[in-house]
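Have the viewer open and follow along.

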Amino acid sequence: MKLLEYAGKELFKKYGIDTPKGRVVSSKGELHNVDIPFPWVMKAQVLVGGRGKAGGIKFAENMEEAEKIFDELMNMEIKGEKVRKILIEEKLNIEKEYYLSFFLDRSSREYLMMFSPEGGVDIEAMAERVIKTNVNPLIGLQPYHLRRIPKEVRNIAANLFRLFIENDCELAEINPLAISNGKAIAADAKVIIDNNALYRHPELPKEDVELTPLEKEAREKGIAFVQLDGNIGVIANGAGLTMATLDALNEFDGKGGVFLDLGGTDDPAKVKQAFELMAKAKPKVILLNLFGGITKCDTVARGIIEFMEEHKLDCPVVARIKGMNEDVAREMLSGYVIAVESFQEAARKAAELGRD
Amino acid sequence: MAIWADENIRLLVQGITGHQGQFHTKAMMEFGTKIVAGVTPGKGGQQVHGVPVYDSVEEAMEREPNASIVFVPAPFAKDAVIEALDVGIKLVVVITENIPFHDTMQFVHYAKYKGARVIGPNCPGIASPGKTKIGILPNVIFKEGNIGVASRSGTLTYEIVNALSQAGFGQSTCVGLGGDPIIGSTFIDALKAFEDDEETKAIVLVGEIGGTAEEEAAEYIASNITKPVYAYIAGRTAPPGKRMGHAGAIISGGKGTAESKIKAFEEAGVKVARFPHEIAELIKNDKRI
């Protein structure tokens, strides 16, 4: 889960990391309660990157300008994401800009501290001057690690590391880390919390606006569900198989509209719930690709029938059912679905139905 | 021969009294796995399918287990793994899904310190047909043979293994490495072991989007592996920035795309299949096998 900049900065403050003086507003009236002297920096609060380039950061010299900018920013969509809040901050007198972050490094399976003497730009663009320091998760950050970066930012790095650990972060990033009047200040905040660990952090604000309403509903129901831009809804059991099914559709010029992973369940109630969710996404065709190993095909079939008896589904279901009790399942579903024999055949058929 | 798990395994089941624990204890026994003990704190003295249940791993050691499988719920999984590592168990297979990444990092490194192997988390486990199974993979898909399979996925692996078996290609060992970004055993670990295993004649890797494990594996194959390697990569049509079911299956910052992985494999001489079942055909048509 990504935190919006203002929420990240609130977390920073708790860990003794200095941030510019700031206030969050979501209505025009609130502008008049902001007790920060002009000029202001007005920053659209969104989770996507590239906000500055998209015009999401503006400067206001007086209230009149601020009100105009408020309207501009609030009506803005940055890479499809609506702006819901604006962070107003004092304008810093910046002497230097650094980059500093901690993240979970998948390949070394350690924490990685990254520091660059050039901040404010894309980290990819400054790859050459980046200092990378691996930190063993059992040992933690050591003084010698900190001696690799400038003295003036060591304290902030130590605090950021503590924040990173205690809040189960995947990433804690300050870019730019500004030096202003000789002091290190976090001018921006990017914090990503591991979803698996959210149960340990009930105090953190939940604003995962990256999810569509249906994706949110799915998450609440514990179903892996991703909306895509095609018109074929894919239901399979297992994330890998679901992805492979979407890929197979593509081989026949079909386009997946929904990724729905049933997981290891064959509980008919869960299957029914999954189909209900799928129906709400209004696909043109549903492609069910089931490989029953532990999952019993006939219990999945029961869930499908329960769904179909209750709801009028206005799109065809192409089903490829393989594995434990497949014969029973196929017999049960005859009349309800278009049954096909193979993986490839299923993808071809669904792609064809998606076209006309 | 097989890799990591063979007929000498004496298995401990942690979380044996839960729904999954009970179900798979039975399925593993049917596969031929020797299960010697189970642990669920507070349930000591019970039996599950004839297997004695203990309150702690330390007490269960009187049954001399040499490997453990963990079905314990995510918030308690780290504790369970550390408990097994502390009494000297050298192979821990973690089935549990949704374990916080920082917890996984810790037990993965602790295992290294203890000289033990962790497989998973969020994995289907490991099966060496005719010998043993430590996991939840379906029994019926396997056939004894010479293909080594390593995968980041569950059901997709079953699909591929099933196709292999039906085409007459049995398996030496099939290991599910797990769908999380941080895992205990990697493709490179599996490749190394399969290369050294006399019984294994060819290797199948099942990868997916996210991270750079496939690229690293490709590099390793190019300079270290003499056996033929085949691969399938899931997620060619996955959009960037979305987690595709598995916590680790996400393209972020332009990294982790299927194209990059397929390219890396092909450059390393690995044959990459377009459909999962195509792997069996690739092997069949390969004159080296």
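Two residues are in contact if their C-beta atoms, placed from the backbone, lie within 7 Å. Helices (H or I, at least four residues) and strands (E, at least two) are DSSP runs, numbered from the N terminus. With that in hand, take helix α10 of chain A: its buried residues pack against β15 (232-236), α6, β17 (285-292), β18 (317-323) and β19 (338-340) of chain A. A residue counts as buried if 20 or more other C-beta atoms lie within 10 Å of its own, as exposed if 12 or fewer do, and as partly exposed in between.

A word on the ground rules. This is a predicted model, where local features need pLDDT of at least 70 and side-chain atom pairs count only at pLDDT 80 or more, while totals for chains, interfaces and linings use all residues. Residues are numbered from 1 along each chain as its sequence is written, and chains are lettered from A and ligands numbered from 1 in the order in which they are written.

**Chain A at a glance**

Chain A holds 10 helices and 19 strands, and its C-alpha trace spans about 75 × 50 × 35 Å along its principal axes. Of its 356 residues, 44% are buried. Among contacts in chain A with a separation of 6 or more, 68% are between residues 24 or more positions apart.

Domain bounds here come from an automatic or database domain assignment. For chain A that assignment gives domain 1 (21-90), domain 2 (94-200) and domain 3 (213-355). The C-alpha centres of domain 1 and domain 3 of chain A lie 44 Å apart.

Back to α10(A): this helix has 13 residues and reaches 19 Å from its first C-alpha to its last, close to the 18 Å expected at 1.5 Å a residue (the expected span is 1.5 Å times one less than the number of residues). Its buried residues are A:F343, A:A346, A:A347, A:K349, A:A350, A:A351, A:L353 and A:G354.

Two strands pair if DSSP finds at least two bridges between them. β3(A) pairs with β4(A) (residues 57-60), where A:W40 stands opposite A:A60. It also pairs with β7(A) (residues 86-90), where A:M42 stands opposite A:I88.

| Strand pair | Sense | Bridges |
|---|---|---|
| β3(A) and β4(A) | antiparallel | 4 bridges |
| β3(A) and β7(A) | antiparallel | 5 bridges |
| β3(B) and β4(B) | antiparallel | 2 bridges |
| β5(B) and β6(B) | parallel | 3 bridges |

**Chain B**

An open sheet of 7 strands with mixed pairing runs in the order β3-β4-β2-β1-β5-β6-β7 of chain B. β3 (47-48) and β7 (117-119) of chain B sit at the edges with a single partner strand each, so one side of each is left without a neighbour in the sheet. In β4(B), the bridge partner of B:V48 is B:V51. Further along, B:I69 stands opposite B:V93 in β6(B). From β6(B) (residues 91-94), B:L91 and B:V93 point one way and B:V92 and B:V94 the other, and all are buried.

The domain assignment of chain B gives domain 1 (10-119) and domain 2 (138-284), with C-alpha centres 26 Å apart. Between them, 11 residues of domain 1 are in contact with 8 residues of domain 2. On the domain 1 side, α1 (19-31), α4 (101-113) and β7 of chain B each give two or more residues, and α4(B) has the largest share, 5 residues. That side divides into 8 nonpolar, 1 polar and 2 charged residues. (Ala, Val, Leu, Ile, Met, Phe, Trp, Tyr, Cys and Pro count as nonpolar, Asp, Glu, Lys and Arg as charged, and the others, Gly among them, as polar.)

**Where the chains meet**

Which element gives the most to the side of chain A that touches chain B? In total, 38 residues of chain A are in contact with 45 residues of chain B. α6(A) gives the most to the chain A side, with 11 residues. This side divides into 19 nonpolar, 11 polar and 8 charged residues.
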